[in-house]
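Q: Could you take me through this structure slowly, giving the general idea of each feature before the case itself?

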Amino acid sequence: MTALILDLALARRIELAEAHAAVNCANAVDVLPSGIAAAVERIAGGFAIYCGAGSPVTQAVGLGLDGAVSEGEFDRLEEFYRSRNEAVRVETCPLADASLIRWFGERGYRATEFSNVMALPMDGVSLSTAASATAPDGVTIERIGKEHTDLWTLTVSQGLAENFPVTREVLDVMKMFAHGSNVECYLARVDGAVAGGATLALREGVAGLFGASTLPAFRNRGVQTALLKQRLARAAEQKCDLAVCLAAPGSSSQRNVVRLGFSVLYTRVKFERAWS
């Protein structure tokens with residue numbers, strides 16, 4: 001298996017793959033069913049995305065990977081969110097230009113979250129993954145059509161409820177994500193009962209394994225591992241050369257993906273500024 005060597009080109013490829021998945025979510029509809037207008041703006045080589053107050057998709061991604069960030073660009077970033085009465089949240093790659101970090105310091109930002117970007121080269125994965133994609137007894141995985149996105153949306157949102165309360169706005173945004181282009185949704189069942197779900201975002205050879213959760217009653221049953229294997233097999237089928245996912249450092253999610261061959265490529269920091 002090819003060893004990954006982190007450089008600016010690889011970091012840009014990964015960060016923009018995630019950013020475009022969020023952009024596609026925002027572009028799925030102009031206005032959320034709850035009446036909130038989604039918005040996207042290209043800034044400093046990345047994207048500022050708004051999909052409702054407090055949404056997990058409402059943040060900036062990929063900034064600072066095309067060189068220095070000017071004061072004018074940083075002003076535009078802040079105005080994008082301030083005009084919507086929303087805090088600025090920027091997922092920041094450690095390879096971003098130092099000027100971006102300088103602006104965070106000068107404008108009073110604080111670090112609020114760390115996340116590991118986990119990566120797996122897909123060479124040599126296809127046959128072994130497909131052969132081991134069998135789920136544990138009683139666990140079934142299905143790729144769902146758009147007609148089942150309401151069930152998928154509710155399931156994944158409830159599985160994430162400890163991090164993001166299940167509000168009408170969150171359900172709307174998750175449904176938008178499911179309807180984004182190049183996104184596939186998967187539903188897991190245990191003995192026929194709905195147990196969890198996940199997404200696979202495909203872009204230019206990068207398979208993004210995002211939006212996964214398991215309902216509390218079905219945890220520790222192998223649901224997430226089965227969802228991971230199914231999506232990796234699909235990524236291999238689609239000729240992807242790289243799979244990526246996000247995990248909190250030291251979390252059970254990180255342990256699950258490490259067992260499948262993923263490793264930490266870099267750690268991102270979320271910088272945030274709220275408006276008083």
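Predicted model: local features only at pLDDT ≥ 70, side-chain atom pairs only at ≥ 80, totals over all residues.

A: Contact means heavy atoms within 4.5 Å, while helices (H or I, at least four residues) and strands (E, at least two) are DSSP runs numbered from the N terminus. Axes are lines fitted to C-alpha atoms, for helices over the stretch in contact, with angles from 0 to 180 degrees between N-to-C directions. Residues are numbered from 1 along each chain as its sequence is written, and side-chain values use heavy atoms, leaving out hydrogens and water.

Q: What order do the strands of the open sheet have?

A: Two strands pair if DSSP finds at least two bridges between them. Here the 11 strands are ordered 1-2-3-4-11-5-10-9-8-7-6, with mixed pairing. Strand 1 (39-43) and strand 6 (139-143) stand at the edges with a single partner strand each, so one side of each has no neighbour in the sheet. From one strand to the next, the twist averages 25°.

Q: How many bridges join strand 1 to strand 2?

A: Five bridges join strand 1 to strand 2 (residues 46-50), and the two run antiparallel; within this pairing, Val40 has Ile49 in strand 2 as its bridge partner.
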